[in-house]
Amino acid sequence: MRNKRARKFIISIVMLMTGMTAGFLLLGTVYTGPRWIAFIVFLVYLAVSAAVIRFSRRYVRLLREENTDNSHVTS
């Protein structure tokens, strides 16, 4: 059985990424300034998204390992 804490964490990360993507897309549609600034913001968005996904995967793996190590403890 999957760890409940890991599942809740995954759901929150999916919601975070959805909100970040929607915010970036909305900002991109209304922004009328120089395109190079929009490109820099896009690169920052990609870097933040990659970091969130990378470290979230590591944290979920640790949560699941903790669950298998302590199978007698319910979360």
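1. Start with helix 1, where A6, I13 and M17 are buried. Buried means under 20% relative accessible area, exposed means over 50%, and partly exposed lies in between (1.4 Å probe, protein chains only). Helices here are DSSP runs of H or I with at least four residues, numbered from the N terminus.

2. A word on the source: this is a predicted model, in which local features need pLDDT of at least 70, side-chain atom pairs count only at pLDDT 80 or more, and totals for chains, interfaces and linings use all residues. Residues are numbered from 1 along each chain as its sequence is written, and side-chain values use heavy atoms, leaving out hydrogens and water.

3. How far does helix 1 reach from its first C-alpha to its last? Helix 1 covers residues 4-30, 27 residues in total, and spans 39 Å, close to the 39 Å expected at 1.5 Å a residue. The expected span is 1.5 Å times one less than the number of residues.

4. Now look for a nonpolar surface patch of about 710 Å², made by L27, V30, W36, I37, I40, V41, V44 and V48. Patch residues have over 30% relative accessible area and no salt bridge; nonpolar side chains are joined within 5 Å, like charges within 9 Å. A salt bridge is a side-chain nitrogen of Lys or Arg within 4 Å of a carboxyl oxygen of Asp or Glu. Helix 2 gives the most to this patch, with six residues. V41, in helix 2, is partly exposed at 35% relative accessible area.

5. Finally, R54, R57, R58 and R61 gather in a surface patch of positive charge. R57 belongs to helix 2 (residues 35-69) and counts as exposed because its relative accessibility is 64%.

Technical notes: Areas by Shrake-Rupley, 256 points an atom, 1.4 Å probe, with all protein chains shown as cover. Lys, Arg positive; Asp, Glu negative; His and termini not counted. Charge placed at Lys NZ, Arg CZ, Asp CG, Glu CD. Helix = DSSP H or I, 4+ residues; strand = E, 2+ residues; numbered from the N terminus.
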